[in-house]
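Let's take a walk through this structure, strand by strand and then pocket by pocket. Keep the viewer open as you read.

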Amino acid sequence: MNRLTLVLAGTILSASLAGIPAIAQTSGKPAETKAPNAPDQKPAFENQTRAPQPPQMPKIETQVVAKDLPHLWSMEFLPDGRMLVTAKQGAMHIVSKDGQAGPAIDGVPKVLAGGQGGLLDVALAPDYESSGIIFFSFSEEREDGNGTSVASARLVADSDGGGKLEEVTVIFRQTPSYDGNKHFGSRLAFGPAGELYVTVGERSDPEPRVQAQDLASGLGKVFRIDQQGKALPDNPFVSQDGAMAEIWSLGHRNVQSSTVDSQGRFWLVEHGPRGGDELNRPEPGKNYGWPEVTYGVEYSGSPVGNGVTRMANTEQPVYYWDPVIAPSGMAHYNADAIPEWKGAFLVGGLVSQGIVVLHMENDRVTHEERVPLEARIRDVKVGPDGAVYAVTEQRGGGASTIVKLTKA
């Protein structure tokens with residue numbers, strides 16, 4: 001593989017990454033060595049944070065397969081191996097196998113692009129090969145503010161590498177609206193029966209974020225809906241007066257990472273405050289605590305609420321990070337090209353600037369491994385070839401790249 005040098009956001013994604021161990025620290029020691037923001041907080045069980053690195057870590061090569069792309073937020077592989085990507089400012093493109101982005105796809109609805117908002121995640125319908133249907137999330141301006149919305153459309157590609165969206169329909173809107181520009185979420189993941197999990201944020205500010213605990217509000221929740229946007233009949237709060245029937249779980253802060261594992265179970269990683277990023281496997285009707293229970297502290301350094309990390313009737317995270325990785329994008333690795341990662345979760349790190357590999361056993365993290373990429377990672381996918389693909393971004397905008405990771 002050719003050694004590549006690429007300037008990204010003032011850093012170098014260089015040939016030094018190709019063919020070196022995925023992490024330069026000693027195996028058995030935690031990958032994280034920085035001091036925690038909340039040193040007095042203690043994990044509830046072994047390996048809930050700062051799990052050791054695995055004894056065997058593959059050597060990873062990197063290759064830039066697409067560059068000079070607009071500021072991307074997500075990508076999805078099409079059945080023919082091309083990539084469908086969303087640009088935060090509001091455009092969709094199809095990226096060819098040789099890394100060239102086609103013209104902007106027509107028919108994308110207007111998005112509210114500013115702050116943390118814009119055109120967000122994209123996912124193919126389970127029957128995409130026959131239906132051509134895609135789903136995407138975006139921040140939508142409304143008369144009473146704005147919020148995260150989910151739309152479906154038929155993608156009709158053309159011979160010039162572009163195409164158009166037809167039958168565009170907004171199937172779900174997070175409510176209430178709020179006049180802010182932070183914590184929209186959002187990821188989309190399909191379960192094995194075609195159910196759609198939608199993650200959102202709680203809009204960050206002190207006034208709205210407390211609604212993460214309110215079942216009448218769609219802030220700080222995971223939703224589980226059908227492909228027409230309706231609540232599924234076995235959702236946990238369908239029969240509860242005053243509760244939103246679409247809610248699957250509550251008490252979430254800002255979820256920009258989610259995936260479904262090989263058993264068809266839904267997992268997520270959510271942004272914590274200053275410290276307190278969390279891996280969770282949301283179960284129906286359960287409360288994941290925010291903002292009453294969390295690891296980490298406010299950005300000011302003061303406690304979040306009463307500063308408690310556990311409370312009756314709230315769930316402990318499977319794993320947490322302090323300091324944060326700032327998670328965005330997530331995949332479950334069930335391929336064979338990198339056998340050391342079989343069964344692991346791969347999480348993009350914006351602050352940690354690389355891929356975080358979580359090795360699992362009995363739904364607990366046994367080891368944490370990090371692959372440094374010297375760039376903010378916005379999305380992670382496993383390709384049809386078993387390689388791992390990471391979408392980079394630059395803080396404040398600028399060009400994105402797609403980087404391919406393979407075993408050396």
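Start with Phe135, whose bridge partner in β10 is Ser152. That pair belongs to a longer run in this predicted model: β9 and β10, the latter covering residues 145-157, pair in the antiparallel sense over 10 bridges. To get from β9 to β10, the chain goes through a hairpin of two residues.

Now look at what β9 does with β8. These strands are antiparallel too, with four bridges between them.

Gly348 is the residue standing opposite Ile355 in β22. The two strands form a hairpin with four residues between them, and Gln353 in the turn has a positive phi of about 55 degrees.

On to the β22 and β23 pairing. β22 takes in residues 354-361, and its antiparallel pairing with β23 runs over eight bridges. Within β23, Arg370 is the bridge partner of Val356. This hairpin has two residues between the strands, and Asn362 takes a positive phi near 55 degrees. Why is β22 largely enclosed by the rest of the structure? Because six of its eight residues are buried.

Now for the empty space. Rolling a probe the size of a water molecule over the atoms shows where such space is left. The largest pocket has a volume of about 830 Å³. Its lining takes in 32 residues, and those nearest the centre are Glu76, Phe77, Thr259, Lys381 and Val382. Several elements supply at least two lining residues each, among them β5 (72-77), α1 (128-131), β12 (188-190) and β20 (327-332). Which element gives the most to the lining? That's β8, with four residues. By class, the lining of the largest pocket has 18 nonpolar, seven polar and seven charged residues.

The second largest pocket has a volume of about 700 Å³. It is lined by 34 residues, with Gln116, His271, Leu350, Arg376 and Arg395 the closest to its centre. The elements giving two or more residues to this lining are α2 (206-209), β16 and β24. β16 (254-260) and β24 (376-382) also each supply at least two residues to the lining of the largest pocket. By class, the lining of the second largest pocket divides into nine nonpolar, 13 polar and 12 charged residues.

Notes:
Residues numbered from 1 in each chain as written. Predicted model: local features only at pLDDT ≥ 70, side-chain atom pairs only at ≥ 80, totals over all residues. Heavy atoms only, no water. 1 Å grid on protein atoms, 1.4 Å probe; cavity = no way out; pocket = protein on both sides within 12 Å on 5 of 7 lines; lining within 4 Å. Points joined across faces, edges and corners; volume = space filled by probe spheres on them. Nonpolar A, V, L, I, M, F, W, Y, C, P; charged D, E, K, R; others polar. Pairing = 2+ DSSP bridges. Buried < 20%, exposed > 50% of the residue type's maximum accessible area, 1.4 Å probe, protein only.
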